[in-house]
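Dear colleague,

Please find the structure below, handed over for your files. My notes on the findings follow it.

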Amino acid sequence: MTSTTAEIAATAPGERVIGDTVLAVEGLETVFYTRAGMVRAVDRVSFSLRAGETLAVVGESGCGKSMTALSIMRLIPDPPGRIVGGKVVLDGTDLLQLSEPEMRKMRGNRVSMIFQEPMTSLNPVLTVGRQISQALMMHQGMSRAAAMERAIEMLRLVKVPEPAQRVKEYPHQLSGGMRQRVMIAMALSCNPRVLVADEPTTALDVTIQAQILDLILELQKKLGTAVILITHDLAVVAETAQRVIVMYAGRKVEEATVEELFTHPRHPYTRGLMASIPRLGLMRSQAAQTGGRLQEIPGMVPPLFDLPEGCAYAPRCERADDHCRAEYPPYEEKRPAHWTACWHADD
Amino acid sequence: MPMTEIRNAQAAAAPVLQVDGLKKHFPIRKGLLRRTIGNVFAVDGVSFSIQPGETLGLVGESGCGKTTVGRTVLRLIEPTGGSIRVRGEDITQLSRKALRPYRREMQIVFQDPFSSLNPRMRAGDIVGEPMKIHGIGAEGGERARLVARLFERVGLRPQQMRNFPHEFSGGQRQRISIARALALNPKLIVADEPVSALDVSIQAQVINLMMDLQREEGIAYLFISHNLAVVEHISHRIAVMYLGRIVEYADKVTLFTRPQHPYTEALLSAVPVPDPLLKREKRMVEGDVPSPVRPPPGCHFHTRCPYAQDRCRIETPALKPVGEGHLVACHLR
């Protein structure tokens, strides 16, 4: 697959069909009440997602990416957390207005989630088949036998070998990669509109990670599911997503298509992140010039209960000036479909 | 910097660490009498050497035995077979007491900066403890001065010596671990996934620190990691492990530009690349790593290898040279 940049940009999603908006998140705000006071884990986050699209949300630990995912699923532990504002509109229904029983009918049915650690998110005392069929019996009203048939079919779809035997096994009998396949089978069994994948490959080895990412993309094309991919790994983003949101300290700081973000990152945080990852092959070409040093982002992510005035990234930012330290920059469209919140994005 | 020149200059010096045919089999016990019913072949005949000031990267997927290698060379785990030489001296059979002077020269940094520091000790005491054990800087405030210097060395403030581990972030804790490892001026540090638990922006800080220390103090590293990009960045030479054995061993440039073992090829191909414009043909390997309790006969990789032939299923390939300092264990090369 070698072709010019322009061709790739035009054909990058392959046979992917991007449809209408299925999910619209508007001004989502989630707070936690802690001993250190109230913290805003998700601070007025908005985005939309179309059918068949993969939207990546990236950032370091504590940036609010997982909290955004859990807020969409309404799985924020309350107390101490609470969703205090915004809308999460899935096919015209605001999930935040639903009662808990109504929401339960959505979860695993219209919107599903897979987690980082497949061992802790599967029930250790139920067979894999029981766990997959439960969702089908609950949401689709299938009989136990029909649901088990469908569970076997789903395992075949996610390429688990010998699915008829595997449905009778318990999670501990499966490898990490197989467990994540089971999680995916379970999440997709009711053919949801949106799949939220929270660091789905972080706990896996690279060869298994490649298999699982490939599987998610293949199933997405087959089923037309929209995917929100939460990750800290920019390389995974580059290989799987069409659009990216970069988060820092609970807020969106940048948003663009994948090609645009990687070729023209605007926010200093995004630039810093990209420069700080060691890349395969980089040392071969640039070792002489750089002296082998990786670019560092000084300092660390500030705790949410102690955010600075103005831009939260200012204390670590080489471009920060008094303006940055005094006033949070507006979130603006700097190039077509490329948004960022930085006073110096035009420099 | 041209690596060959450095290595030629150091060729005369004895390796800091030389490991030959290292084996570690963990018995699996069962029942009332704890009878041994099998073995986990965690490390099954591994050989390598590390020169002063050099970094050997040890890569592989989980369960390949890389962590066991790291702990066995320090004799934190007793080897089942093979030999470990430190500057030419065989330490495999030494008693704990006789081992002590060698322990000073070899230190370890662990992956998890949360569980590897005693939460009830102050950071300064954690860093000073190796000196206390080895009776260094006992007079006056000498030890405190040494510890303060170590804090500065790793980018922490000496005022932070009084703080407890929970008051530090993950990256800072890893700096404390490194300061503790440096306390006895070691010749070798075994770094077991030292940056895997850290955020990317913090990873860069710790990697740079480790490379600076090597440049300035000539410390050698055995750098254990599953992250190939990090290993490529920091290592001079790299050993790729699969199910307890080294399958390929080469200098960095050779390994990453001309990998010879199908497993190395697959591993490199699986690493995602942070460039959306680069669309690569992926050479995906099927299936999972088999269990080290019942490793497949012959070449361990044959169950997942796209090129496997009958011979690979029966005969274990030896690690043999295919080029200058480039060893590969594959029948087809």
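In what order do the 4 strands of the open sheet in chain B stand? The order is S2-S1-S4-S5, with antiparallel pairing. Strand S2 (35–50) and strand S5 (89–90) of chain B each have a single partner strand and stand at the edges, so one side of each is left without a neighbour in the sheet. Helices (H or I, at least four residues) and strands (E, at least two) are DSSP runs numbered from the N terminus, and two strands pair if DSSP finds at least two bridges between them.

As to conventions, this is a predicted model, in which local features need pLDDT of at least 70 and side-chain atom pairs count only at pLDDT 80 or more, while totals for chains, interfaces and linings use all residues. Residues are numbered from 1 along each chain as its sequence is written, chains are lettered from A and ligands numbered from 1 in the order in which they are written, and side-chain values use heavy atoms, with hydrogens and water left out.

Within the sheet, strand S1 (residues 17–30) of chain B is joined to S2(B) by 12 bridges, and Leu17(B) stands opposite Ile50(B) of S2(B).

**Domains of chain B**

The domain assignment (bounds from an automatic or database assignment) gives domain 1 (3–105 + 186–328) and domain 2 (111–185) of chain B. The contact (heavy atoms within 4.5 Å) takes 20 residues from domain 1 of chain B and 16 residues from domain 2 of chain B. Between them the two domains of chain B bury about 1,600 Å², 62% of it on carbon and sulfur atoms; buried area is the accessible area (1.4 Å probe) that two parts lose on being put together, summed over both. In domain 1 of chain B, Arg104(B), Pro186(B) and Leu209(B) lose the most area to domain 2 of chain B, together 34% of what that side buries.

The count between these domains is 2 salt bridges, a salt bridge being a side-chain nitrogen of Lys or Arg within 4 Å of a carboxyl oxygen of Asp or Glu. Glu217(B) and Arg153(B) also meet through their side chains in a salt bridge, at 3.0 Å from N to O.

**Chains B and A**

Here 45 residues of chain B are in contact with 45 residues of chain A. The two chains bury about 4,100 Å² between them, 60% of it on carbon and sulfur atoms. Across this interface the rule finds 0 salt bridges.

With kind regards
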